[in-house]
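Please read the following notes beside the sequence and the model. They are set out as numbered points, one topic to each.

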Amino acid sequence: MAVKIFLAEKDIPRQWYNLAADLPTPLQPPLGPDGNPVTPDMLAPVFPMNLIEQEVSQDRWIDIPEEILDILYRWRPSPLYRAKYLEKALGTPARIYYKNEGVSPPGSHKPNTAVAQAWYNKQFGIKRLTTETGAGQWGSALAFACALLDLECKVFMVRISFDQKPFRRLMMETWGAECVASPSEETNAGRNILKEMPDTPGSLGIAISEAIEAAVTDTSGQTRYSLGSVLNHVMLHQTIIGQEAKKQLASIGENKVDVVIGCAGGGSNFAGLAFPYVADKIAGADIKIVPTEPSSCPTMTRAPFSYDHGDTACMTPLLPMYSLGHTFVPPPIHAGGLRYHGMAPLVSQAIVEGLMEPMALHQLECYEAAILWARTEGFISAPETSHAIAATIREAKQAKEEGKEKVILMNWSGHGLMDLTGYQAFLEGKLVDYPLPEEELSKSIHVMDKLPKPSMAKSGKW
Ligand SMILES: Cc1ncc(COP(=O)(O)O)c(C=O)c1O
């Protein structure tokens, strides 16, 4: 039995897969402040036009430029692993496979889109990118991509992660980027929040506002903003993961996957693995597709499907998505990358359609799962990734109870070698669960009361 299943570089997928082309009920458009759909030129101060074209594209397949592949070869195709040591520890009849996205230089799936976004910006003549980061994985991925493509990079890092993960900042600086704690004194959005809440741990919503402001106020016109998740073009760039997995599984005669699992913050690593399988499900395959999230930030499992802003200061268009409200400041759990109030519109629409079964998990169960993983498979997982592992273990145990030989495919989205303070707190017994209280949920979703409501129409097939 092979533990690692490799794919030759010559067999790397050469196109990205766009789920928007196949969704049975079409994606609803982003709206501007007047309630009308935004036009591509309204997004032009924020993103380069070549990425805006991808954002609105309805083409099923989009070619990956050779120069992007040439950078991805540093770690792609990523290996697919059979989690046989975990299977043995659980005594499960399930066959568990995982894509190891932790082998990229910054340590997660994030560079799959960072490289693509930096490359398209460079083609468009942009010299400098701004962005936000939660756990620091995205900020370091963009710093890495900008170093290879000779672009300047500035990262607004959510305060709590900035304090918990100093080595992530050092990674960004090693790749030549500048990293500041958010909220900062450098933008109007940051200053306003600091006036109201000087001790705020920050949030991805606030950091996004700061990064967009920093991009659009550069009068040279040579700065753009880059987002590490949520948007359609980001999901698109990640689909290389699921396409590789399919080829790798087919190469060992594994032609039917029963369950696909990924953790979802803004949705990108999950989408990357899952969307090629969602296409199969739309075409009639029987697959359970599970995005997982923290019960302290229960966007997919408890929030409404609404139009909402992607950031706290309402600088982004309104996106049709599951959202806890753009002012939501999540509890300080260690999975910083899962502390986002919204969810990718493509993932949200697939949930509305009934194509996915989201699951919320408590922090302690996830750390227990990550510890078992470390003591069986060996790798130390990012706290975000532990949400996928915990769900995988639940599925594997259920397969054991049912005596079924299920095939489970999971995305191991990143390593946790820069996240050891969370492990320290867990091992010292200092971590607690933070289920979001009902009163706080209803307070935070209030902010969307007056915003337009997207249609919940669906085909009714699932
Ligand atoms: C390792 C890892 N996994 C998952 C996520 C969640 O993001 P997304 O849902 O876009 O994959 C992050 C985000 O920071 C991350 O660093």
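1. The whole shell has 21 residues, and the closest are Gln137, Ser229, Gly265, Gly337 and Gly414, where a residue is near a molecule or strand if its C-beta atom, placed from the backbone, lies within 6 Å of it. The elements that give two or more residues to this shell are helix H6 (137-149) and helix H13. By class, the shell has 7 nonpolar, 13 polar and 1 charged residues, with Ala, Val, Leu, Ile, Met, Phe, Trp, Tyr, Cys and Pro counted as nonpolar, Asp, Glu, Lys and Arg as charged, and the others, Gly among them, as polar.

2. A word on the basis of these notes. The model is a predicted one, in which local features need pLDDT of at least 70 and side-chain atom pairs count only at pLDDT 80 or more, while totals for chains, interfaces and linings use all residues. Residues are numbered from 1 along each chain as its sequence is written.

3. Which residues of helix H9 (residues 188-196) are buried? They are Ala189, Gly190 and Ile193, a residue being buried if 20 or more other C-beta atoms lie within 10 Å of its own, exposed if 12 or fewer, and partly exposed in between, with C-beta atoms placed from the backbone. Seen down the axis of H9, these buried residues fall within an arc of 95°, so they line one face of the helix; the arc is that of the directions from the helix axis to the C-beta atoms. An α-helix has 3.6 residues a turn, so residues three or four places apart point the same way. The face of H9 turned away from the buried side carries the exposed residues Asn188 and Lys195.

4. The buried residues of H9 pack against strand S8 (178-182) and helix H10 (204-216). The axes of H9 and H10 come within 8 Å and cross at roughly 145°, where axes are lines fitted to C-alpha atoms, for helices over the stretch in contact, and angles run from 0 to 180 degrees between N-to-C directions. Asn188, Ala189, Gly190 and Ile193 of H9 make the contact with Ile206, Ser209, Glu210 and Glu213 of H10, two residues being in contact if their C-beta atoms, placed from the backbone, lie within 7 Å. By class, this contact has 3 nonpolar, 3 polar and 2 charged residues.

5. Helix H16 (residues 363-376) and helix H17 (residues 386-402) pack at an angle of about 85°, with their axes 8 Å apart. H16 and H17 are therefore roughly perpendicular to each other, a term that covers 65 to 115 degrees, whereas angles under 35 count as roughly parallel, over 145 as roughly antiparallel and the rest as oblique. The contact is made by Glu365, Cys366, Tyr367, Ala369, Ala370 and Trp373 on the H16 side and by Ser386, His387, Ile389, Ala390 and Ile393 on the H17 side. By class, it has 8 nonpolar, 2 polar and 1 charged residues.

6. In helix H2 (residues 49-56), the residues Leu51, Ile52 and Gln54 are buried. They cover an arc of only 160° around the axis, which puts them on the same side of H2. What covers them includes helix H1 (40-43), strand S3 (61-63), helix H5 (111-123) and helix H11 (232-238).

7. Two cis peptide bonds deserve a look in the backbone. One runs from Arg76 to Pro77, with omega near -10°, and Pro77 has its place in the loop between helix H3 (66-72) and strand S4 (80-82). Another joins Ser182 and Pro183, with omega about 5°, and Pro183 lies in the loop between S8 and H9.

Conventions:
Helix = DSSP H or I, 4+ residues; strand = E, 2+ residues; numbered from the N terminus.
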